[in-house]
Amino acid sequence: MYDLLHNLPYRYDGLEPFVDAQTVKLHHDAHHLGYIKKLNAALESVQYTAIPLSDLLRNLREVPASIRQVVRDNAGGFYNHNLYWEELATGEQGMPEKLGKALNGRFGNFENFKNEFIARSMSWVGSGWTWLYLDTQKNLQIGVTLNHDNPLMEYCPLQGTPILTLDLWEHAYYLQYKNDKKTYFDAFFQHISWTYVEQLYLQTP
Ligand SMILES: [Fe+2]
């Protein structure tokens, strides 16, 4: 079964002012942990052996049909939140050269990329995640998925490898921002560890 102990790489208040300590604690300790627990319970119910999480997402068809939707929702919730916490930084970080060049090459400049990422996030109705991902041709793409779907999943309309994600669920921002999603999206860009995102970009096969 999957390890319940996913530690944040910073304190609960480490992401302020982007997200406050109360939101981070609830989001991480209740929501994120809840997905891992539900995933483990579903897998245990059919005695399905846990495999590396990314492999589980890529091979949902191999999961028994009786638990496939629960696994899709909760393995997605587990993976997506892992990436979200790991990619965030306690303060604004510089853009490393290789990732910066790739973003400029694809979107023209960083502002274009940021504006498109936020515009796609703003236009989404309901729960989901915004992604920067490498498609199967290794082109950088922006897209949004429903609920906890993820470009690694074989059922997902987007196909590829995620390198950056933004949580669009209300639990991610509502305590602090209420209905002001735009301010949450803008603040997100002040707390991204671009070095971490570049690592994912460079290690994608
Ligand atoms: Fe979340």
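Helix α7 spans residues 181–188, and its Tyr184, Phe185 and Phe188 are buried (20 or more other C-beta atoms within 10 Å of the residue's own, with C-beta atoms placed from the backbone). Helices (H or I, at least four residues) and strands (E, at least two) are DSSP runs numbered from the N terminus. Seen down the axis of α7, the buried residues fall within an arc of 95°, so they line one face of the helix. The arc is taken over the directions from the helix axis to the C-beta atoms. An α-helix has 3.6 residues a turn, so residues three or four places apart point the same way. The cover over the buried residues of α7 includes α5 (110–123), β3 (160–167) and α6 (174–177).

The model is predicted; local features need pLDDT of at least 70, side-chain atom pairs count only at pLDDT 80 or more, and totals for chains, interfaces and linings use all residues. Residues are numbered from 1 along each chain as its sequence is written.

Three strands form an open sheet in the order β2-β1-β3, with antiparallel pairing (two strands pair if DSSP finds at least two bridges between them). β2 and β3 stand at the edges, each with a single partner strand, so one side of each has no neighbour in the sheet. Neighbouring strands are turned by 30° against each other on average, direction ignored. Axes are lines fitted to C-alpha atoms, for helices over the stretch in contact, and angles run from 0 to 180 degrees between N-to-C directions.

Strands β1 (residues 128–135) and β2 (residues 140–146) pair over seven bridges. Tyr133 stands opposite Gln141 in β2. The two strands form a hairpin with four residues between them. Lys138, in the turn, has a positive phi of about 65°. β1 and β3 also pair over seven bridges. Here Trp129 has Asp167 of β3 as its bridge partner. Helix α5 packs on the sheet and touches β1, β2 and β3. The direction of α5 makes about 15° with that of β2.

The domain assignment gives domain 1 (21–87) and domain 2 (97–203); such bounds come from an automatic or database assignment. Their C-alpha centres lie 20 Å apart. In all, 19 residues of domain 1 are in contact with 21 residues of domain 2 (C-beta atoms, placed from the backbone, within 7 Å). On the domain 1 side, α1 (21–45), α2 (53–58) and α3 (65–87) each give two or more residues. The largest share, 10 residues, comes from α3.

Conventions:
Buried ≥ 20, exposed ≤ 12 C-beta atoms within 10 Å, placed from the backbone. Contact = placed C-beta atoms within 7 Å.
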